[in-house]
Amino acid sequence: MDMLQSFDPATGEVVGSVPLTPPDEVQDVVDRARTAQVEWGAVGLDHRAQILARAADLYDARIDAHADLITREMGKPLKEARAEAHRLGGPALGRELEEIVEALRPEVLESGGARSTIHHDPLGVVGAITPWNFPMAMPSWMVLPALAAGNAVVFKPSEETPLCGQAYADVLLEILPPDVLLVIHGADDQGKALVASDVDMIAFTGSREVGKHIMREASGTLKRVVLELGGKDPMIVLDDADIAQAAAFAAHNSFRNCGQVCVATERIFVVESIADAFEEALAALASAMRVGSGIDDVDVGPMVNARQRDHVLAQIEAAVDAGAKVLAGANGHHDNFVTPTVLTGVTDEMDIGTVETFGPVACVTRVASIDEAVQRANDTPFGLGAVVFGKDEERAEAVGRRLTAGMVGINRSVGGVPGTPWVGARESGFGFHKSRDGHRQFTQTRVLTRPA
Ligand code: NAD
């Protein structure tokens, strides 16, 4: 049996391996899921939610083990890995299930002597394909609502983090009937086979390029697709911003998870009058960051692999060649470790100004006015998140309303309160994660009408 090996990006050591699923066996796996779905779909929403709620304690009991695995398999610092592992279970899981049940309850409408019931029925089999950067959170955002809605799920974790994907699924496999959740392992060939199979829906989180490919391939049978894709998030720093607060956010959100976050701050537009002070504060924070193995007490771990590292280094080098000024970092790399880097004078002519970096680089561009900041922030095919910093929150919010992103944060990160969707605009996505609208994507809406 061919095995897929997983490597620690900090040391290059093998962390473990899983059996590779031959692509020509993927349809058989989907067939098994389809058979199992019939009963799972019939047990009812509340009963399914009760079964899935049992996962909370199991995830909680494994927080340390899961955090350790996340750090060893993809490199993020242990404290970030713990936060990710922590949110899988506990009260967060219970809240999520309540939200799903609420979203999927039938609704009744009456008019003109007729009564219609809107049902949110299972779709059938959902294929879930996930990335490596949040190797347990991303699966949970798609697999849990798909299962709760009564679907069977065939789940393919990233080939970079198969052990995390398997460990996430193992908890659910303990509590679910056989074949309701099936895991396949591999890279693009297995992903393509899943998309080509007769699943009813593909729920995908990953890069824009692969998302486009999936949408094309799914069109043959008009499979449902949900695509959560990449970004090139802007941050606008207004002239009345609290500079220390804005710089702290920029450092945090450009460098956490080594910049490998879909809503990482990738482009910073600072109004000229405060640019010197902002750049100085940001460069000082970047220079103070401790880089090393995520298992140790560090702020920034390694990049996930050499390919990703080389992409980031090439973008930095090309930007510097084209005139960007280095305020911190940009001093090469040691194995997969890249020093947190701050560049200023970044322009749209540079790759780093327009193409997703997904690495520990904060790119500053000075602007003469708010209008220029808004125009440049929106000048991108992406539209995932955006943030605006300014003390006058009414004014900052008005600027935020002019941005084309799906999620906008004012003096904070982009994520909304529980119940709000995670949503990208333009080429950053198609559909939602979480929220009523997101949960309903995993269902077939069916309207039944009879005389009232
Ligand atoms: P990727 O697109 O390379 O891979 C994602 C998954 O798709 C992997 O499991 C991979 O094996 C699989 N895959 C690759 N080619 C495929 C194909 N042709 N058909 C089907 N499946 C295929 O992305 P990645 O490098 O794993 O993750 C990083 C990307 O994910 C970034 O662009 C990031 O912005 C994005 N992301 C987005 C969100 C969001 O919520 N919008 C969240 C996390 C990550």
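**Notes on the ligand site and the aromatic pairs**

1. The ligand's shell takes at least three residues from each of two domains: domain 1 (3–230 + 426–451) and domain 2 (233–381 + 385–417). Those domain bounds come from an automatic or database domain assignment. Bear in mind that this is a predicted model, where local features need pLDDT of at least 70, side-chain atom pairs count only at pLDDT 80 or more, and totals for chains, interfaces and linings use all residues. Residues are numbered from 1 along each chain as its sequence is written, and side-chain values use heavy atoms, with hydrogens and water left out.

2. Who sits around the ligand? There are 30 residues around the ligand, and Thr130, Glu159, Ser207, Leu229 and Glu356 come nearest (a residue is near if one of its heavy atoms lies within 4 Å of the molecule). By class, the shell has 14 nonpolar, 10 polar and 6 charged residues; here Ala, Val, Leu, Ile, Met, Phe, Trp, Tyr, Cys and Pro count as nonpolar, Asp, Glu, Lys and Arg as charged, and the others, Gly among them, as polar.

3. Now the polar contacts, meaning pairs of N or O atoms within 3.5 Å. A ligand oxygen is 2.8 Å from a polar backbone atom of Thr130, and an oxygen atom of the ligand is 3.3 Å from a polar backbone atom of Gly206. With Trp132 it is the side chain: an N or O atom there is 3.0 Å from an oxygen atom of the ligand.

4. On its own the ligand has 850 Å² of accessible area, and the protein covers 91% of that (Shrake-Rupley method, 1.4 Å probe). Helix H9 (188–196), strand S8 (201–205) and helix H10 (208–218) are the elements giving two or more residues to the shell; helices (H or I, at least four residues) and strands (E, at least two) are DSSP runs numbered from the N terminus.

5. The whole structure has 5 aromatic pairs, that is, Phe, Tyr or Trp rings (for Trp, the six-membered ring) with centres within 6.5 Å, called stacked if the planes are under 30 degrees apart, edge-to-face if over 60 and tilted otherwise. Trp132 and Phe358 are edge-to-face because their planes are at 80°, with ring centres 5.6 Å apart. These two are 226 residues apart in the chain, and both are buried (under 20% relative accessible area, 1.4 Å probe, protein chains only).

6. Phe249 and Phe389 have ring centres 5.1 Å apart and planes at 35°, so this pair is tilted. Phe249 lies in helix H11 (residues 243–255) and Phe389 in strand S17 (residues 385–389), 140 residues apart. Both Phe249 and Phe389 are buried.

Terms used. Buried means under 20% relative accessible area, exposed over 50%, partly exposed in between (1.4 Å probe, protein chains only). A polar contact is a pair of N or O atoms within 3.5 Å; within protein, one must be able to donate a hydrogen and the other to accept it, and residues adjacent in sequence count only if both atoms are side-chain atoms.
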